[in-house]
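Hi everyone, thanks for making time for this. I have one structure to walk you through today, so let me put it up on the screen.

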Amino acid sequence: MAVTDSGSVGLIDHVTNVSDFIWGGTWEGELVPWLSIGGQPIPPMTIILLGVGMFFMIGLKFYPLRQLGSAFKGLFAGRKGQGDGEISPFAALSTALSGQVGTGNLAGVATAIALGGPGAIFWMWVTALIGMALAFAEGSLAIRYREKTSDGTYRGGPMSYIMMGLGPKWTWLAIVFCIGTLFSAMVTGNSIQANAVADGLNELFGIEEALGGLIVAILVFIVIIGGIKSIGNVAEKVVPFMAGAYIVMAIIALILNIQDIPATFGLIFHGAFNPQAATGGFVGAAIALAIRAGVARGLFSNEAGQGSTPIAHAVAQTSDPAQQGRMAMLGTFIDTIVICTMTALVILTVEGNFTGGGQQVIHAWNSDLQGFAMTSGAFAAAFPTQIFSIPIGTLVASTALILFVFTTLLTWSYYGERAITFLYDRVPGSTRRGEKVLHIIWRLLWCVVIYVGSTQDLTLVWRLGDISNAAMALPNLLALALLSGVVFKLAQGDKTAGQTFGRETPEEPNEY
């Protein structure tokens, strides 16, 4: 046992070092000399993500901000598909949102505050606003370059716009992206989510984590066995309801504590630019740490630039790339600027009886609570009335978590399925029938991992999640940068912008 524990700690240390380097610019807790300025570390992934995002925002002439109103108007028009595809534009947005809105919106926000203080929320906002430009690029390219199988099924994503927009010589980049997608799907799209929903079922109903994982795995399988149309059908019914209900409850909680809201915004803006160590339930919330926590958790939540959401948007029934691009950027806005902000404000504003460092404190973020327990504790303080010995606030937060995470498990199963299908199609002799058999195997494996992940310790998994997100985002960001000229023309209304690389092949999708 001692050997096992020691090995486990060693593995966590190694994974933490890699995660800290990618997102924090440090190694073994120390500054990397060539990756720091003025004694402050430069987080590589943060610079890349925000740098590419700003490049697109400026190149698009702030199109995402100018067209935000138009995007919201498009929500109503998008309920009916007009063009080729598998599901309506609204269902595609709901599917993408179901993958975006999950543990990151409840537990991830609390983790960001714990790691980087209230200032991390400001950098989460910055990541989202800049991320809207990346989301537009992803959504528009997903429609401009998508595949059609021999039986008429549409599909796409970064692997498709790499192959069809950049050409066969970039096949290696598409393969790297798919490997990163499989890694991220199993870690952030499955294990973290499965563990969170099992914890929620345990807190609400006292169901053991293993049994809860089994129940969720069975329910997920019932939906995903029907493919993307089944997933989209569930998502467009569940996502708007659960997001709306959660936002309403959060607003009520804030109204009940309205006197503290000005101080809350003061904490957020002060913490974003205050280089001094802050006080509260965390240690050393310097600017770099606030940025690192906000950007990392912001990406974990809204997935802008990661390359996951365009896989969902690619199947939308539309022939207008810009329209779906606006849908995609709207998903980033709703996920982070709306839902994550609601969670953060409740955690930072609601007053209650909490314990932090052995002393009584009035806010959940100053307490010893961590992750989802911090969010749940804040909602419980806002709505303390009990039903079956459970505070209404806890019931609201836990129910939201269960629904958020359940739909995330549905969508990410499809993302992983697309990645493994693309890799299979690189094998000579691959067929559509072989793809369908592979899909069944993948869906069964996905549900097995849900069961296993529901009982695992997440200390290591959360760190692996940061690494897997980067492994998926880097090849996608490179592809977006190379196709930036096409994106700018798509935003101007040129639906056929860019060259299309393709040739007939005996294997699926018979296009490249």
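Setting aside neighbours within four places in sequence, Trp-412 is in contact with Gly-99, Thr-181, Ser-184, Ala-185, Thr-188, Gly-189, Glu-303, Gln-306, Ser-308, Trp-446 and Met-472. Please keep in mind as we go that this is a predicted model.

Where does this tryptophan sit? Trp-412 is part of helix α17. Is Trp-412 buried or exposed? Trp-412 has a relative accessible area of 2%, so it is buried. Take Ser-308 from that list of contacts: 104 residues separate Trp-412 and Ser-308 in sequence, while their C-alpha atoms are 8.2 Å apart in space.

Now a second residue of this helix. Ala-400 is also found in α17, and at 8% relative accessibility Ala-400 counts as buried. With neighbours within four places left out, Ala-400 is in contact with Leu-106 and Tyr-246. Leu-106 is 294 residues away from Ala-400 in sequence, yet the two are 8.8 Å apart, C-alpha to C-alpha.

Let me zoom out for a moment. The chain has 20 helices and 10 strands. Of its 512 residues, 60% count as buried. If you take contacts with a separation of 6 or more, 79% of them are between residues 24 or more positions apart.

Back to α17 and a helix it packs against. Helix α17 covers residues 392–425 and helix α18 covers residues 432–453; the two pack at an angle of about 140 degrees, with their axes 10 Å apart. What do we call that arrangement of α17 and α18? The two helices are oblique to each other, because only angles over 145 degrees would count as roughly antiparallel. The crossing of α17 and α18 is right-handed.

Which residues of α17 and α18 meet? On the α17 side we have Leu-409, Trp-412, Ser-413, Gly-416, Glu-417, Ile-420, Thr-421, Tyr-424 and Asp-425. On the α18 side they meet Gly-434, Glu-435, Leu-438, His-439, Trp-442, Arg-443, Trp-446 and Ile-450. By class, this contact of α17 with α18 holds 8 nonpolar, 5 polar and 4 charged residues.

Helix α18 has another partner to show you. The axes of α9, which is residues 171–205, and α18 come within 8 Å and cross at roughly 45 degrees. That pair, α9 and α18, is therefore oblique too, and the crossing of α9 and α18 is right-handed. From α9 the contact uses Leu-182, Ala-185, Met-186, Gly-189, Asn-190, Ser-191, Ala-194 and Asn-195, and from α18 it uses Trp-442, Leu-445, Trp-446, Val-449, Ile-450 and Gly-453. How many charged residues are in the contact of α9 with α18? There are no charged residues, with 9 nonpolar and 5 polar ones making up the contact.

Side chains of opposite charge can pair when their charged atoms come close. The count here comes to 7 salt bridges. One of them joins Glu-86 and Lys-229, with the closest N and O atoms 3.8 Å apart. Glu-86 lies in the loop between α4 and α5, and Lys-229 lies in helix α11, so the pair ties together parts that are 143 residues apart in sequence. Glu-86 is buried, at a relative accessible area of 12%.

Through shared partners, salt bridges join Glu-147, Arg-155, Arg-418, Asp-425, Arg-432 and Glu-435 into one network.

Last, a backbone detail. Most residues other than glycine have a negative phi. Lys-61 has a positive phi of about 55 degrees, and Phe-62 has a positive phi near 60 degrees. Lys-61 is in the loop between α2 and α3, and Phe-62 is in the loop between α2 and α3 as well. Lys-61 counts as exposed at 61% relative accessibility, whereas Phe-62, at 40%, counts as partly exposed.

That's my tour, and I'm happy to take questions.

Conventions:
Residues are numbered from 1 along each chain as its sequence is written. This is a predicted model: local features need pLDDT of at least 70, side-chain atom pairs count only at pLDDT 80 or more; totals for chains, interfaces and linings use all residues. Side-chain values use heavy atoms; hydrogens and water are left out. Axes are lines fitted to C-alpha atoms, for helices over the stretch in contact, and angles run from 0 to 180 degrees between N-to-C directions. Helices (H or I, at least four residues) and strands (E, at least two) are DSSP runs, numbered from the N terminus. Angles under 35 degrees count as roughly parallel, over 145 as roughly antiparallel, 65 to 115 as roughly perpendicular and the rest as oblique. A crossing is left-handed if the near helix is turned anticlockwise from the far one by less than a right angle, and right-handed if clockwise. Contact means heavy atoms within 4.5 Å. Ala, Val, Leu, Ile, Met, Phe, Trp, Tyr, Cys and Pro count as nonpolar, Asp, Glu, Lys and Arg as charged, and the others, Gly among them, as polar. A salt bridge is a side-chain nitrogen of Lys or Arg within 4 Å of a carboxyl oxygen of Asp or Glu. Buried means under 20% relative accessible area, exposed over 50%, partly exposed in between (1.4 Å probe, protein chains only).
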